[in-house]
Amino acid sequence: MDLSKVTLEIFTKLEQKWLSHCVSTKKTRVLSIDGGGTTGIVAGAALIHLEDQIRLKTGDPHSHIVDFFDIIAGTGVGAILAAMLSADDGSGRPLFTAREAVRLISEKNSELFKLKLVGVLRRRRRFSGKSMDKVLKEAFKKEDGTVLTMKDTCKPLLIPCYDLKSSAPFVFSRADASESPSFNFELWKVCRATSATPSLFKPFSLTSVDGKTSCSAVDGGLVMNNPTAAAVTHVLHNKRDFPSVNGVEDLLVLSLGNGPSSGRLKVHCNGKCSTSSVVDIALDGVSETVDQMLGNAFCWNPTDYIRIQANGLASPGLVGPRMAEAVLEERGVESLPFGGKRLLMETNGQRIESFVQRLVASGKSSLPPSPCKESAVSPLANGR
């Protein structure tokens, strides 16, 4: 017997077994959608392409994004999209496809962000809260008229805002909502809270379904415009919903930007920024900082963290479908560990397609409904 052949055969089988194990090991999949802007066209284009590719590669025309992700997070207009994608229609399926969600925001945009003039001389511009309320209320209810809450989602959902009462970030989550009605809020109100941009909307007050927890909210983008870090931290520390996650090596993350706001900044000739410009700077700064942090965290496995962001769409001629196409055709940009960015050869569309291949290869998400729904848990200290 040729010992070398036997040895080679043994090591070949061991290698195949190891590779098989690596392929079958399922990572927890995270989808995060930035705030910023009123149209969400960058994230919208990415989401439609993402769901189209999932359906193409699975051969199932009824597949949804939530079938292949374990948690979804969103801020501002990104939160509205995240909530639409994960809201449960009552049968365990999402209320909206990606295309339907993006279409609704596009068609109802003038109502969601309806301008009005305020002040003594009616020179200040502000969006109408009542108009947005009406659209969101209609969107987040079942056919029988039942109002959806944070508990009524197909997958765990995270949405941040900033609470003026406590002077601290407040993160709405399905996990907390499942623990106690004191942390369960109507879904439309949560989306309204995270969208209350200072100078454009008044702060939005909301109360939990049992009336015990209240919040005076402004835009979550001020502290978490890019909610990816919040989502990753939530998964790492939520052993109840994600018992198999021990570190970032167990995660697969897709982060969707909504385009930089810097192109819209209004700087006066004396160098002073308008209030809205300061808000834009804050939104961009938060998003870029989080992207850099995640780039560092995933530096040993960079293919597990994909960031889709539009960086060169400054042309005013690009609107609607043309801008959506440009988002996917633009070359991707990747944050380098410890600073800087790198222009990639792949386009944003190609990066999404490669990501979908990994999603489909690992199969549909098998994450069960939160166990919190089945067991009562003591409320957190101080009513939070």
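**Salt bridges and aromatic pairs**

K341 has a relative accessibility of 41% and so counts as partly exposed. This residue belongs to a predicted model. Across the whole structure, a search finds 13 salt bridges. A search for aromatic pairs finds 7.

**K341 and E288**

- K341 forms a salt bridge with E288, and their closest N and O atoms are 3.1 Å apart.
- K341 sits in strand 12 (residues 341-347) and E288 in helix 11 (residues 275-297), so this bridge ties together parts 53 residues apart in sequence.
- E288 is also partly exposed, because its relative accessibility is 32%.

**D133 and R192**

- D133 forms a salt bridge with R192, with 2.7 Å between the closest N and O atoms.
- D133 is in helix 6 (residues 129-139) and R192 is in helix 8 (residues 187-194), so the contact ties together parts that lie 59 residues apart in sequence.
- Both D133 and R192 are buried.

**R55 and E51**

- R55 forms a salt bridge with E51, and the closest N and O atoms are 3.8 Å apart.
- The two residues are 4 apart in helix 2 (residues 41-58), so about one helical turn separates R55 from E51.
- R55 is partly exposed, with a relative accessible area of 22%.
- E51 counts as buried, at 4% relative accessibility.
- The cut-off for buried is under 20% relative accessible area, so R55 at 22% falls in the partly exposed class.

**A salt-bridge network**

- Salt bridges link K27, D304 and R358 in a network.

**F69 and F355**

- Among the aromatic pairs found by the search of the whole structure is F69 with F355, whose ring centres are 6.3 Å apart.
- The planes of F69 and F355 meet at 15°, so this pair is stacked.
- F69 lies in the loop between helix 2 and strand 2 (71-74), while F355 lies in helix 13 (residues 348-361), so the pair ties together parts 286 residues apart in sequence.
- F69 is buried, at 0% relative accessibility.
- F355 is buried too, with a relative accessible area of 2%.

- F170 and F172 have ring centres 4.9 Å apart, and their planes are at 45°, so the pair is tilted.
- F170 and F172 are both buried.
- Ring pairs join F170, F172 and F185 into a cluster.

Technical notes:
Residues are numbered from 1 along each chain as its sequence is written. This is a predicted model: local features need pLDDT of at least 70, side-chain atom pairs count only at pLDDT 80 or more; totals for chains, interfaces and linings use all residues. Side-chain values use heavy atoms; hydrogens and water are left out. A salt bridge is a side-chain nitrogen of Lys or Arg within 4 Å of a carboxyl oxygen of Asp or Glu. Buried means under 20% relative accessible area, exposed over 50%, partly exposed in between (1.4 Å probe, protein chains only). Rings of Phe, Tyr and Trp (its six-membered ring) pair if their centres lie within 6.5 Å; planes under 30 degrees apart count as stacked, over 60 as edge-to-face and the rest as tilted.
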